[in-house]
Amino acid sequence: MQRRRIGAYGLCRDGERVLLTRISPAGAFPGVWRLPGGAVGHAKHPDETVVRELAAQTGLSGTTAGVRAVVADVVALAGCAVHTDRLVYDVRVQVQAASPGPGGMIDRVRWLLPAELAGLPLMPFTAEVLGVPTTPLPAGRADQPPLPPQVPDRGQRFGAYAVATDPAGRVLLTRIASGYPGAGRWHLPGGGTDHGEQPVTGLLRELVEETGQLGRVGELIAVNDSHNPRAMGPEGRPIDWHVVRAIYRVAVDTPTAATVTEAAGGSTAEAAWFPIDGTADLALTQVAAEALRRIGT
């Protein structure tokens, strides 16, 4: 069985020191260290999750200062292959003594120097973000509690999207097909990632499927979310959807005519290149409009 979830975490620094938390015996991987954070609840923004979990797990208050990285991993939990998309934020905190909250999944909190990380068991995403060697996870609890049951007609989706431009400064957009939320509006190319797929890999795949272009992924621009409790799509009934998106700058160095190549029945009706100053009069999705404003187009 496969499951998906989204997590948000904070990278808190004090000079060279970094704040880490240790998973308690109540957690899936006791004794393993990770950045503070946790699961993003349905209809909750990842920013809010980081601040809330930081306070609950360490007693510290903080504010997010931008998204540093988005990574994904798959681990075995309670008989499921669980794919987690992990959003890592830079977080500003007032450095002070930190301690774990009572009765939670964290039993120790420490400010650690780079030399102190050697030999510590780390969650792979934490090791990747800190730039230290990744080692296999130890065996999880043999008596792992079952994952919470999925709620019918409610879903949480993670996707990766592109603000894609070519050497002439044109921007690449896709038009949403009939029968999908936002039908007829122009949107950023991209979409939901597959189980076990990294965000950048999924984005490049979606770029080919939706537009026929080969891209080069650059900086992570933003992470946003949207919640539609009655989204009408091809299911033919309202679905309570919470969508979290990572938005990247993408360069298409050798552009071609934009062509939808994915199989019939997809959510993309059309793809096209637009002049940098030719998007103001388009019917854009809110996500596309905000992303284009962010980069000044």
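Q: What does the side chain of Gln213 reach, and what makes this a polar contact?

A: In this predicted model, the side chain of Gln213 reaches the backbone oxygen of Ala257 at 3.5 Å.

Q: Which side chain is joined to that of Gln213 by a polar contact?

A: The partner is the side chain of Thr256, at 3.0 Å; because the limit is 3.5 Å, this pair also counts as a polar contact.

Q: Why is Gln213 called buried?

A: Its relative accessibility is 1%, and buried means under 20%, so Gln213 counts as buried. Gln213 lies in the loop between α4 (199-211) and β12 (216-232), and, not counting residues up to four places away in sequence, Gln213 touches Leu172, Leu207, Val208, Val252, Thr254, Pro255, Thr256, Ala257, Ala258 and Trp273.

Q: Which residues of α4 are buried, and what follows the helix?

A: The buried residues of α4 are Pro199, Gly202, Leu203, Arg205, Glu206, Leu207, Glu210 and Thr211. Just after α4, Gly212 takes a positive phi of about 75°.

Q: Which residues in helix α5 are buried, and what covers them?

A: In α5 (residues 286-294), the buried residues are Val287, Ala288, Ala289, Ala291 and Leu292, and the elements that cover the buried residues of α5 include β8, β9 (171-176), β10 (186-187), β12 and β13. The helix is followed by Gly296, whose phi is positive, near 80°.

Q: Why do Glu53 and Asn224 count as buried?

A: The cut-off is under 20% relative accessible area, and Glu53, at 18%, falls below it, so Glu53 counts as buried. The value for Asn224 is 14%, which also lies under 20%, and therefore Asn224 counts as buried. Glu53 is in helix α1 and, leaving aside neighbours within four places in sequence, is in contact with Gly37 and Gly38. Asn224 is in strand β12 and, with residues up to four places away not counted, touches His45, Val243, Val244, Arg245, Ile247, Val287 and Glu290.

Q: Which residues touch the most other members of the largest nonpolar core, and which elements contribute to this core?

A: Of its 31 residues, Val70, Leu87 and Tyr248 touch the most other members. Two or more residues each come from β1 (2-14), α1 (46-58), β6 (80-93), β7 (106-112), β8 (154-165), α4, β12 and β13 (238-251). Leaving aside neighbours within four places in sequence, Val70 is in contact with Arg86, Leu87, Phe158, Pro199, Leu220, Val223, Ala246 and Tyr248. A second, separate core of 23 residues includes Ile23, Leu77, Phe125 and Leu130.

Q: How much space lies in the second largest pocket, and which element gives the most to its lining?

A: About 920 Å³ of space lies in this pocket. Of the 37 residues that line the second largest pocket, the closest to its centre are Arg157, Tyr161, Pro181, Val243 and Arg245, and β12 gives the most to the lining, with seven residues.

Terms used: Residues numbered from 1 in each chain as written. Predicted model: local features only at pLDDT ≥ 70, side-chain atom pairs only at ≥ 80, totals over all residues. Heavy atoms only, no water. Helix = DSSP H or I, 4+ residues; strand = E, 2+ residues; numbered from the N terminus. Buried < 20%, exposed > 50% of the residue type's maximum accessible area, 1.4 Å probe, protein only. Contact = heavy atoms within 4.5 Å. Polar contact = N/O pair within 3.5 Å; in protein donor to acceptor, adjacent residues only side chain to side chain. Core = buried A, V, L, I, M, F, W, Y, C linked by side-chain atoms within 4.5 Å. 1 Å grid on protein atoms, 1.4 Å probe; cavity = no way out; pocket = protein on both sides within 12 Å on 5 of 7 lines; lining within 4 Å. Points joined across faces, edges and corners; volume = space filled by probe spheres on them.
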